[in-house]
Amino acid sequence: MSEVTMSDPEVLRAPHVLEFPYSRSVGRDLGAFFTGLVEGRVLGASTRGSPDRVVVPAREYDPITGEDTDGLVEVGPGGVVTAWGWTDHPLEGQPLQRPFAWALVVLDGASNAILHVVDSGSHDAMSTGMRVVARFRDPAARVGSITDIECFVPEGSAPQADRAAGVEPVTVLSTPIRLDYTFSAGIAQSSFLRGLSEGRFLGQRCPRCGQVYVPPRGSCPTDGVPTTDVVELPDTGTVTTYCVVNVPFQGQAIELPYVCAQVLLDGANISFMHLIQGIPADQVRMGLRVRAVWVDRDDLVPSMESVRYFEPTGEPDAPYESYEEYL
Amino acid sequence: MATTSRATGSAQAATAQAYQATYLAAAQDALRLASRRDRFRPVAVVSFAQSRTVEREDHLNEVEMLMPVVAEALGAAGITKKELGFVCSGSSDYLVGAPFSFVMALDAVGAWPPMRESHVEMDGAFALYEAWTMLQDEDMDTALVYSFGRSSPGDIRRVLAMQLDPYVEAPMWPDHVAIAALQARALVDSGKLSEKEMAEIALRSWHDAMSSPTAQVAREAGLEELLAEDYLVSPLRPHAVAPVGDGAAAVVLAAGEKALELAEHPAWITGIDHRIEPSSLGARDLTVSGSTRLAGIGAGVVSPGADDLGVTGGAAVEIPEVDLAELHAPFAHQEPLIAEALGLDASVRLNPSGGALSANPLMVAGLARIGEAARRVMDGSARVAVAHATSGPCLQQNLVCLLAAEAEAGGAVSGRGA
């Protein structure tokens with residue numbers, strides 16, 4: 001959270017990235033479609049219906065009737081634009097990084113349009129009903145993706161695609177997803193996070209039931225009313241329950257075995273998870289009294305990372321009755 | 001289309017034929033549903049609350065956004081959370097990029113003791129449909145429906161690319177404006193709509209929004225000014241695209257006698273249905289909204305007519321005179337498309353609230369259409385109102401709800417849609 005900014009006096013924000021390296025198995029007909037793209041051709045699937053239709057991209061089923069398809073048919077590479085929209089400002093990840101047209105294209109022999117882009121050079125060069133042809137990437141650059149067709153271009157302006165032979169069947173499609181967000185903590189959590197950067201725990205009390213929440217989310221989860229009274233809590237508490245982690249995992253930063261525990265701060269009505277250190281893992285127990293060990297004053301940040309771990313205070317264990325409600 | 005090859009033309013004709021064959025059966029099914037509405041337990045909207053839609057809400061988290069809205073809706077109905085029979089919400093975790101944010105949002109209601117609850121990863125209007133279904137069980141009489149949407153933390157044009165086919169569409173990151181532009185182009189080409197008419201719809205929406213305290217865009221503007229704007233994605237200019245905004249809304253539903261206890265003039269749901277079309281954009285006719293049409297038939301808003309292959313099915317469905325309609329059209333060109341599908345003629349007041357072009361908090365704006373329509377039935381300014389909500393690219397899924405001051409569906413047969 002070192003990138004946290006405080007441009008607003010009250011609210012903390014930080015960049016937040018969601019990334020999913022999805023790999024999708026493509027099945028029989030979509031697999032054939034993507035293999036076809038690597039070969040430099042477009043495949044559809046014939047329906048058994050009457051009248052017979054050709055579904056593009058090839059699918060095991062007819063998207064309209066849901067019935068099975070039966071047999072592959074090569075379509076295109078030429079076709080007709082049935083709808084289009086011109087953009088002067090391509091977005092990140094879109095097929096062309098210069099002005100282009102999104103388009104629905106019905107390939108010759110196909111019964112439905114596919115979504116793709118047209119590189120016509122200008123808005124004025126676009127028209128509904130215009131004939132276009134697929135421009136494939138170089139054979140070496142094709143990976144079995146819809147973007148193996150780099151774009152469509154007005155007919156007559158693209159050379160015939162180089163066909164590739166002996167292509168390995170495509171069985172998996174890699175579709176990496178990345179979405180960038182600016183996470184905003186809101187007022188209640190910003191107050192808590194700012195407290196951490198000052199070396200203290202700030203919770204909030206419910207005006208109706210009196211329960212104290214830390215970290216606070218601005219509301220009482222029981223009563224559903226705003227919690228506005230800020231309560232400073234001590235940095236001592238009780239282990240309500242815990243587990244010993246023995247299994248290595250990706251991204252593991254702490255030596256095994258280590259203890260993850262729910263810590264109920266004194267005066268709080270909700271526990272949170274943190275590390276327990278300063279005691280052998282096999283001696284950690286429910287009711288253990290612990291105290292937060294903070295990072296050095298200069299290293300405090302508006303994040304839970306300001307607390308390195310909790311360690312035993314040496315006090316006698318808390319009686320079970322004092323925390324059984326929080327298990 | 002003079003350059004269309006004969007082969008392409010005949011293949012598309014075959015698609016149209018396949019489409020129509022399946023549509024016929026669906027239209028008959030919808031008509032059957034409409035004719036059986038008297039078997040349903042009467043359920044009404046008894047209160048509605050909505051936050052002001054803002055371009056960026058980052059002082060409050062989802063819970064903090066929702067709490068005042070939920071409190072207002074419950075307060076207006078005069079009930080407490082503990083009395084609710086059912087709670088259902090609509091939202092999308094993709095908007096804020098926080099998995100299971102909808103679970104956290106439950107804190108706005110206070111889920112203790114454990115309650116009957118459900119969630120849809122869709123607009124709150126579809127959560128309302130689920131709540132209406134649950135209220136058909138006489139074991140419960142009230143339901144809270146809420147929804148929230150914060151689009152501002154992410155880049156909504158990239159986030160919404162994720163709703164498309166992950167194999168052959170999403171890898172090109174087609175944004176929702178580009179996809180909608182294809183539909184707008186198809187409509188312009190078909191002669192149904194002009195760019196000028198799209199601008200006029202925006203002007204009317206912003207003007208009407210000036211009397212709405214929750215709208216995000218509310219102003220007077222000139223037609224020439226709007227038509228001089230650069231295209232976002234042609235033929236869509238910025239004014240034809242709903243503003244990106246954050247907001248929340250809540251509706252309280254009550255059944256039977258309970259509705260009369262909680263509201264002086266409940267807005268009775270006398271018909272409700274929703275339908276979905278194929279996800280593949282290229283397999284759909286973007287110049288019509290077949291799913292809106294079918295949902296409209298199912299909800300008793302419109303009669304099947306010549307456009308529906310002459311389906312009559314023998315079932316007599318009385319179509320009431322409609323005073324106003326709140327249509328969820330996040331793009332200007334979609335408003336006339338939806339109105340046409342529902343057989344709403346020029347006498348019907350469209351989107352008196354300012355509609356989605358004035359405020360379109362994602363996952364909320366559809367529920368808000370139902371709330372806005374219900375509000376006008378409850379305050380007596382409308383006797384019969386239609387509400388519509390949409391989800392997915394180019395009106396893929398549509399919900400239609402008929403609201404009336406009287407519990408019985410009825411009124412004059414107008415013959416609309418015939």
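Predicted model: local features only at pLDDT ≥ 70, side-chain atom pairs only at ≥ 80, totals over all residues.
Residues are numbered from 1 along each chain as its sequence is written, while chains are lettered from A and ligands numbered from 1 in the order in which they are written. Local features need pLDDT of at least 70 and side-chain atom pairs count only at pLDDT 80 or more, whereas totals for chains, interfaces and linings use all residues; side-chain values use heavy atoms, with hydrogens and water left out.

**View 1. The interface of chain B and chain A.** The contact (heavy atoms within 4.5 Å) involves 77 residues of chain A and 68 residues of chain B. About 5900 Å² is buried between the two chains, and carbon and sulfur atoms account for 60% of it. Buried area is the accessible area (1.4 Å probe) that two parts lose on being put together, summed over both. The interface holds 3 salt bridges, each a side-chain nitrogen of Lys or Arg within 4 Å of a carboxyl oxygen of Asp or Glu. Asp58(B) pairs with Arg13(A) in a salt bridge, with 2.4 Å between the closest N and O atoms.

**View 2. Domain 2 and domain 3 of chain B.** Chain B is assigned domain 1 (10–38 + 268–404), domain 2 (41–154 + 244–262) and domain 3 (156–240); these bounds come from an automatic or database domain assignment. Between domain 2 and domain 3 of chain B, the C-alpha centres are 28 Å apart. In the contact, 12 residues of domain 2 of chain B meet 7 residues of domain 3 of chain B. The two domains bury about 790 Å² between them, with 57% from carbon and sulfur atoms. Arg52(B), Thr53(B) and Tyr94(B) provide 46% of the area that domain 2 of chain B buries against domain 3 of chain B, more than any other three residues. The number of salt bridges found across this interface is 0.

**View 3. A salt-bridge pair in chain B.** Arg157(B) and Asp175(B) are joined by a salt bridge, at 2.8 Å from N to O. The partners are 18 residues apart: Arg157(B) belongs to helix H6 (residues 156–159) of chain B, and Asp175(B) to the loop between H6 and helix H7 (176–190) of chain B. Helices (H or I, at least four residues) and strands (E, at least two) are DSSP runs, numbered from the N terminus. Arg157(B) is buried at 18% relative accessibility, and Asp175(B) is buried at 1%. Buried means under 20% relative accessible area, exposed over 50%, and partly exposed in between (1.4 Å probe, protein chains only).

**View 4. Salt bridges in chain A.** Arg41(A) and Glu74(A) form a salt bridge at 3.5 Å, N to O. This pair spans 33 residues, from the loop between helix H1 (27–39) and strand S2 (42–47) of chain A, where Arg41(A) lies, to strand S4 of chain A, which holds Glu74(A). Arg41(A) is partly exposed, at 26% relative accessible area, as is Glu74(A), at 37%. Arg131(A) and Glu155(A) also form a salt bridge, with the closest N and O atoms 3.1 Å apart.

**View 5. Backbone features in chain B.** Most residues other than glycine have a negative phi, and most peptide bonds are trans. Phe100(B) has a positive phi near 65° and lies in the loop between helix H3 (93–96) and helix H4 (101–105) of chain B. Its relative accessible area of 54% makes Phe100(B) exposed. Met363(B) likewise has a positive phi, near 75°, in the loop between helix H13 (355–358) and helix H14 (365–378) of chain B. Met363(B) is buried, with a relative accessible area of 17%.

**View 6. Two cis peptide bonds in chain A.** The bond from Gly76(A) to Pro77(A) is cis, with omega near 5°. Pro77(A) is placed in the loop between strand S4 (69–75) and strand S5 (78–87) of chain A. The bond from Val214(A) to Pro215(A) is cis as well, with omega near -5°. Pro215(A) occupies the loop between strand S12 (212–213) and strand S13 (229–233) of chain A.
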